[in-house]
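I have kept to what can be computed from the coordinates.

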Amino acid sequence: MLLFLNYPSWIKPEIIPGVPFLRWYGLMYLFAFAAAFFAFRYQVKNGELEKFSGMKVSDDDVLRFFTWGIVGLLLGARIFAALVYDTSGIYLRRPWLIFWPFRDGQWTGLAGMSYHGGFIGGCLGMVLWCVRYRKPFAAWCDCMTASIPLGYTFGRLGNFLNGELYGRVTESPLGMFFPSARRFPLSEEWVQEFAARNGIPVPLGAATVNLPRHPSQLYEALFEGLVLWALLWFVFRKRKPWNGFISAMYTLGYGLFRFVIEYFREPDSNLGFRITRGEADAPTYLLESLLNISTGQILCLLMILGSAGFLAGYPLYRKKKNGVQ
């Protein structure tokens, strides 16, 4: 008996068939920005930013700060994706194509965005705004990072609606057949055994078969989005011991959640694993070893180490600065 789920056939990348520039993915980005903005604005209206920054906050300040952060996020996400995750070298030879939304005469939008690039770009945008308008960065950044995961939820839902960034092959009942996923040749023994063991029907004479994948986009939407947001919003937001604490907890929490979920998500096949237990060309579509580490996991480890170091070291710095021995 087949226990796996089929990707909903009614979901298409385009909101209106035949209109390629109106896609669910882009709409989810708008929802993401709106959710983060209203969560940020709620904190401002509630007096939280004024309390922790010690300064008056105007509506213009909120809009400008948020705009600088979002512009930095989009620039960083796109540039990082083009230069780090694309191995063809085309963007190095023709950098103007990074922001060109057409490919071979077809509308593609800005296909390819990197979370870690967006993290760096958004942070730089917020830093530059705070320097330009002489605002305390740590207090403003805390309010932003308490809001971001709620918006991030919509971004991963956009990936799901696009039928992209699915996970590795799985026998879990949560497994789902994604129409655009790589099909596997039935000439390989493990594929035959997997299909037979899990009751996956194989059409007579078929040369390849689609296998169930983890819906890792939904795992990320849940844990890196809703769960992380709930922890920051309801547990830490009003109890932070010092400015910068929420930002550090966000970075640590995201890094931990994403590092674990990367074991379920299939890494980019053109990059493979950066660290492997054995063979350098270990298949990215299978979880063969916890020691097979992806690019995303290395970047998450840097986030974890950086935030953990800050959380451990900053209180000691404050004590020393205040003359407490």
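1. Basis. This is a predicted model, in which local features need pLDDT of at least 70 and side-chain atom pairs count only at pLDDT 80 or more, while totals for chains, interfaces and linings use all residues. Residues are numbered from 1 along each chain as its sequence is written, and side-chain values use heavy atoms, with hydrogens and water left out. Helices (H or I, at least four residues) and strands (E, at least two) are DSSP runs, numbered from the N terminus.

2. Packing of H5 with H10. Two packed helices are described by the angle between their axes and the distance between the axes. Helix H5 (residues 115-133) packs with helix H10 (residues 245-261) at an angle of about 170 degrees, and their axes are 13 Å apart; axes are lines fitted to C-alpha atoms, for helices over the stretch in contact, and angles run from 0 to 180 degrees between N-to-C directions. H5 is therefore roughly antiparallel to H10 (angles under 35 degrees count as roughly parallel, over 145 as roughly antiparallel, 65 to 115 as roughly perpendicular and the rest as oblique). On the H5 side the contact (heavy atoms within 4.5 Å) is made by Tyr115, His116 and Phe119, and on the H10 side by Tyr250, Thr251, Tyr254 and Arg258. By class, this contact of H5 with H10 has four nonpolar, two polar and one charged residues, where Ala, Val, Leu, Ile, Met, Phe, Trp, Tyr, Cys and Pro count as nonpolar, Asp, Glu, Lys and Arg as charged, and the others, Gly among them, as polar.

3. Helix H6. Helix H6 (residues 137-145) is mostly covered, with seven of its nine residues buried; buried means under 20% relative accessible area, exposed over 50%, and partly exposed in between (1.4 Å probe, protein chains only). The buried residues of H6 are Ala139, Trp140, Cys141, Asp142, Cys143, Met144 and Thr145.

4. The cavity. A search of the whole structure finds one cavity of 30 Å³ or more, and the largest cavity has a volume of about 60 Å³. On a 1 Å grid over the protein atoms alone, a cavity is a set of points where a 1.4 Å probe fits but cannot get out, and lining residues have an atom within 4 Å of a point; grid points are joined across faces, edges and corners, and the volume is the space filled by probe spheres set on the points. The lining of the largest cavity consists of Gln43, Glu48, Phe52, Ala139, Asp142, Cys143, Ala146, Arg237, Lys240 and Ile246. Helix H2 (48-53) and H6 are the elements that give two or more residues to this lining, and the largest share, three residues, comes from H6. By class, the lining of the largest cavity has five nonpolar, one polar and four charged residues.

5. Phe245. Which residues does Phe245 touch, not counting residues up to four places away in sequence? They are Asp142, Phe236, Lys240 and Leu311. Phe245 belongs to helix H10 and is buried, with a relative accessible area of 13%. Its C-alpha atom is separated by 23 Å from that of Glu220, 25 residues apart along the chain.

6. Positive phi angles. Arg134, in the loop between H5 and H6, has a positive phi of about 55 degrees although it is not a glycine, and Arg134 is exposed, with a relative accessible area of 72%. Leu165, which is also not a glycine, has a positive phi of about 55 degrees; Leu165 is in the loop between helix H7 (148-161) and strand S4 (176-177) and is partly exposed, with a relative accessible area of 29%.

7. Two glycines in loops. Gly89, in the loop between helix H3 (59-85) and helix H4 (90-93), counts as buried because its relative accessibility is 18%. Gly89 and Phe52 are 37 residues apart in sequence and 46 Å apart in space, C-alpha to C-alpha. Gly278, in the loop between H10 and helix H11 (295-321), is exposed, with a relative accessible area of 54%.

8. Leu222. Leu222 is in helix H9 (residues 216-236) and counts as partly exposed at 40% relative accessibility. Leu222 and Ala146 are 76 residues apart in sequence and 16 Å apart in space, C-alpha to C-alpha.

Notes. 1 Å grid on protein atoms, 1.4 Å probe; cavity = no way out; pocket = protein on both sides within 12 Å on 5 of 7 lines; lining within 4 Å.
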